[in-house]
Amino acid sequence: MIIPVKMKNDFYNIILERGSLKKAGDFIPCQNRKALIVTDSGVPEEYSISVAQSLGNAVIFTFQQGEGSKNFDTYKAICQKLLEENFSRKDCVVAVGGGVVGDIAGFAAATFMRGIDFYNIPTTLLSQVDSSIGGKTAIDLNGIKNIIGAFYQPKCVIIDPDVLSTLPKRQISNGLAESIKMGITGDETLFEIFENSNYLERIDEIIEKSILVKRAVVQEDEKEAGLRKVLNFGHTIGHAIETSVGLGELYHGECVSLGMIFMCGNDIKERVKTVLESVNLPTEIDYNKQAVYSALTHDKKAGGNKVTLVKSNKIGAFYFEEVEIDELRSYL
Ligand SMILES: NC(=O)c1ccc[n+]([C@@H]2O[C@H](COP(=O)([O-])OP(=O)(O)OC[C@H]3O[C@@H](n4cnc5c(N)ncnc54)[C@H](O)[C@@H]3O)[C@@H](O)[C@H]2O)c1
């Protein structure tokens with residue numbers, strides 16, 4: 001299946017097809033050009049090797065897995081590799097990995113020689129349903145996530161659901177949090193897949209529907225001027241929980257799961273909880289209210305005294321509500 005994405009000045013296809021990783025060369029023009037495949041140590045090696053074999057003229061660069069690598073050192077090492085291998089503007093960078101690999105490889109592609117072609121082959125569920133679309137690339141600095149980056153669209157995204165067979169279960173749930181978010185805010189039929197069937201048997205459809213919800217949002221609001229805030233559903237309190245429990249303790253998707261509950265109206269809260277629990281995501285934790293509130297205010301005060309919350313009273317729909325930061329205490 002091909003999902004076209006039309007941005008203001010860019011157009012690219014998302015290929016969603018089982019077995020597509022091995023056929024990467026069918027989608028990435030590789031005649032008379034080199035490719036740097038960027039991956040990390042947690043991504044099974046066979047994936048980058050397969051892509052390299054399919055492309056022909058490719059070099060593989062592997063960095064240490066984890067968010068801790070999404071920094072200037074790794075970025076510099078990728079750029080240095082591009083220099084060493086004499087990459088020119090006609091060559092390209094191919095990410096094979098999760099969101100960490102995609103974000104940093106995309107940023108290197110965006111900036112090397114002021115931009116060379118970037119192709120993304122996301123291999124975690126989170127990166128397939130979320131970071132594969134929208135063109136955000138970034139690295140972290142001083143513990144602040146994604147603070148240095150660029151909007152840079154890939155030339156093509158290749159999603160092969162077969163690679164999910166090696167992904168740990170907890171990482172599958174982590175990605176599903178974002179899909180459930182897309183369902184709650186943008187597509188009731190996506191949400192109903194979780195209610196009415198075994199989600200593992202319908203994972204391809206879940207990926208497709210999640211991408212369609214995100215595509216509709218990013219095509220309308222490429223650079224986060226307004227509508228794109230809907231993608232933050234569950235993230236305001238979720239992110240504060242993530243910070244207050246200590247980064248890494250809970251996965252991002254698990255914190256989004258907890259955060260979404262606060263933003264659901266009474267009419268849908270139980271339905272949402274049931275779905276989240278059915279995919280092994282937490283809906284309640286014993287959290288320190290004061291610590292979460294401090295994280296919330298610390299995060300938000302820089303942007304003024306008000307914060308825009310994304311809320312939902314009806315599956316498939318959302319609304320924005322602007323509240324005073326102090327009011328957030330009553331949500332906890
Ligand atoms: N650009 C965007 O729009 C966007 C959106 C959401 C998240 N992000 C970023 O994505 C990152 C999180 O991405 P993530 O959740 O994919 O984490 P990740 O990239 O760290 O991957 C999680 C782990 O899974 C391993 N892995 C990857 N594919 C695998 C596979 N098929 N089989 C087995 N193991 C595999 C990785 O090595 C890693 O250890 C964050 O840095 C976040 O900021 C970016």
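User: Is G304 buried or exposed?
Analyst: In this predicted model, G304 counts as exposed, because it has 8 C-beta neighbours inside 10 Å.

User: And where is G304 found?
Analyst: G304 sits in the loop between α12 (289–301) and β10 (306–311).

User: How far apart are the C-alpha atoms of G304 and I325?
Analyst: Their separation is 8.7 Å, although G304 and I325 are 21 residues apart along the chain.

User: Changing topic: how is the protein divided into domains?
Analyst: There are two parts, domain 1 (2–166) and domain 2 (169–331). Taken over C-alpha atoms, their centres are separated by 26 Å.

User: How many residues does the contact take from each domain?
Analyst: Domain 1 contributes 19 residues to the contact, and domain 2 contributes 20 residues.

User: Which elements supply the side of domain 1 that touches domain 2?
Analyst: At least two residues each come from β1 (2–6), β2 (11–16) and α5 (125–131). The largest share, five residues, belongs to α5.

User: Now the largest nonpolar core. How many residues has it, and which have the most contacts inside it?
Analyst: This core has 91 residues, and I37, V51, V93 and V94 have the most contacts inside it. Helix α4 (residues 99–111) gives the most to the core, with eight residues.

User: Where does this core lie relative to the domains?
Analyst: It lies between them, because domain 1 (2–166) and domain 2 (169–331) both give residues to it.

User: What does V94 touch?
Analyst: Leaving aside residues up to four places away in sequence, V94 touches I28, A35, I37, V51, Y119 and I121.

User: Next, helix α6. What is its reach from first C-alpha to last?
Analyst: Helix α6 (residues 169–186) has 18 residues and reaches 25 Å, close to the 26 Å expected at 1.5 Å a residue.

User: Why is α6 described as largely enclosed?
Analyst: Of its 18 residues, 14 are buried, so α6 is largely enclosed by the rest of the structure.

User: Last topic: what surrounds the ligand?
Analyst: The ligand is surrounded by 28 residues, of which the closest are G42, G98, G99, T124 and S131. The elements giving two or more residues to this shell are α4, α5, β8 (144–151) and α6.

User: What is the shell like by class?
Analyst: The shell around the ligand has 14 polar residues, together with seven nonpolar and seven charged residues.

Terms used: Residues are numbered from 1 along each chain as its sequence is written. This is a predicted model: local features need pLDDT of at least 70, side-chain atom pairs count only at pLDDT 80 or more; totals for chains, interfaces and linings use all residues. A nonpolar core is a set of buried Ala, Val, Leu, Ile, Met, Phe, Trp, Tyr and Cys residues joined through C-beta atoms within 7 Å. A residue is buried if 20 or more other C-beta atoms lie within 10 Å of its own, exposed if 12 or fewer, and partly exposed in between; C-beta atoms are placed from the backbone. Helices (H or I, at least four residues) and strands (E, at least two) are DSSP runs, numbered from the N terminus. Domain bounds come from an automatic or database domain assignment. Two residues are in contact if their C-beta atoms, placed from the backbone, lie within 7 Å. The expected span of a helix is 1.5 Å times one less than its number of residues. A residue is near a molecule or strand if its C-beta atom, placed from the backbone, lies within 6 Å of it. Ala, Val, Leu, Ile, Met, Phe, Trp, Tyr, Cys and Pro count as nonpolar, Asp, Glu, Lys and Arg as charged, and the others, Gly among them, as polar.
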